[in-house]
Amino acid sequence: MTDRELFIQAQDAMQYAYAPYSRYSVGAAVLTGTGEIFRGANIENASYGATLCAERVAISSAVFAGHKDDLIAIAICASSGEAVYPCGICRQFLFEFGADIRVITGKTVEALEIFPISELLPNGFRLENK
Ligand SMILES: [Zn+2]
């Protein structure tokens, strides 16, 4: 699975977004060490604070399937056609599962930007007993 292929998976996942309020759809695709892909899209709510970002939907799906220790990368894309970067909550959510997880974003599949999550979230929070 190349970065481009993962980004295309994120683009495809965007169609499942539930975004009646913002009309801003986001798709995400997580790659695991076994080569499996878990996808997600944003799910908004009339109570805005209950909204879930695409990244957390995809990561939750992967973790629930047993992939808490082998998340390799997450690709993200948005309906705006601009490169989209994870919000602060999603950066912390991702960091929980590994400081080296790669975040892949970009305006198009030909212009990808790639960052380790530790670069997007320096000094991410960890409980000492984990
Ligand atoms: Zn987010």
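This is a predicted model: local features need pLDDT of at least 70, side-chain atom pairs count only at pLDDT 80 or more; totals for chains, interfaces and linings use all residues.
Local features require a pLDDT of at least 70 and side-chain atom pairs a pLDDT of 80 or more, whereas totals for chains, interfaces and linings use all residues. Residues are numbered from 1 along each chain as its sequence is written, and side-chain values use heavy atoms, with hydrogens and water left out.

Helices (H or I, at least four residues) and strands (E, at least two) are DSSP runs, numbered from the N terminus. Two strands are paired if DSSP finds at least two bridges between them. An open sheet of 5 strands is present, with mixed pairing and the order 2-1-3-4-5. Strand 3 (residues 71-78) and strand 4 (residues 102-106) run parallel and are joined by 3 bridges. Ile74 stands opposite Val103 in strand 4.

Helix 1 (residues 3-13) lies across strand 1 (26-32), strand 2, strand 3, strand 4 and strand 5, and runs at about 50° to strand 3. Contact denotes heavy atoms within 4.5 Å. Axes are lines fitted to C-alpha atoms, for helices over the stretch in contact, and angles run from 0 to 180 degrees between N-to-C directions.

The zinc ion has the protein donors Cys53 (SG), Cys87 (SG) and Cys90 (SG), at 2.2 to 2.3 Å. Donors are N, O and S atoms within 2.8 Å of the metal (3.2 Å for Na, K and Ca); water is not among the atoms, so sites may look incomplete. The sequence spacing of the donor residues is C-x33-C-x2-C. Cys90 counts as buried because its relative accessibility is 1%, whereas Cys87, at 32%, counts as partly exposed. Buried means under 20% relative accessible area, exposed over 50%, and partly exposed in between (1.4 Å probe, protein chains only).
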